[in-house]
Amino acid sequence: MFNRDLQAASKVPSPSPLRAVTIVRVSTAEQAAEGKNGLERQRASNRRTVSDKGYQLIHEVELVDVSGSLSWHSPEIQEVLRMAERREFDIIVISELSRVTRPDS
């Protein structure tokens, strides 16, 4: 049996994938090589999320030797904020919130 509704639905263009920015951060250069919060573990987690969700990766940010309480002041994050104002991406992917910011001590 032929389902005409399915044929019509198949001609509808699928929506564009969400445009994603990924962010990885470590407080010290030594942490960059560590497994738990190291850059490679964070990159792998972000890549998995981007792939699993079907996002289009448009920009990656890597912060090394930047404390979480100061990360919002970094030039890289300031550029992401400008990109957001220009609506150049739809979503930010991070492995965990502490990788982007920490409350002021």
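## Arg87

Let's start at Arg87, which is exposed at a relative accessible area of 67% (exposed means over 50%, buried under 20% and partly exposed in between, using a 1.4 Å probe and protein chains only). Arg87 sits in the loop between H3 and strand E3 (91-93). Although Arg87 is not a glycine, its phi is positive, at about 60°.

## Asp65

Asp65 also gets a positive phi without being a glycine, with a value near 70°. Its spot is the loop that runs between strand E2 (56-64) and helix H3 (75-85). With 54% relative accessibility, Asp65 counts as exposed.

## About the model

This is a predicted model, where local features need pLDDT of at least 70, side-chain atom pairs count only at pLDDT 80 or more, and totals for chains, interfaces and linings use all residues. Residues are numbered from 1 along each chain as its sequence is written, and side-chain values use heavy atoms, with hydrogens and water left out.

## The overall layout

Three helices and three strands make up the secondary structure of the protein (DSSP runs numbered from the N terminus, with helices being H or I of at least four residues and strands E of at least two). Along the sequence they follow the pattern α-β-α-β-α-β.

## Contacts and surface

Of the contacts (heavy atoms within 4.5 Å) with a separation of 6 or more, 70% come from residues 24 or more positions apart. Buried residues account for 28% of the 105 residues.

The protein's accessible surface is about 7200 Å², and 53% of that belongs to carbon and sulfur atoms (Shrake-Rupley method, 1.4 Å probe; for residues, only the protein chains shown count as cover).
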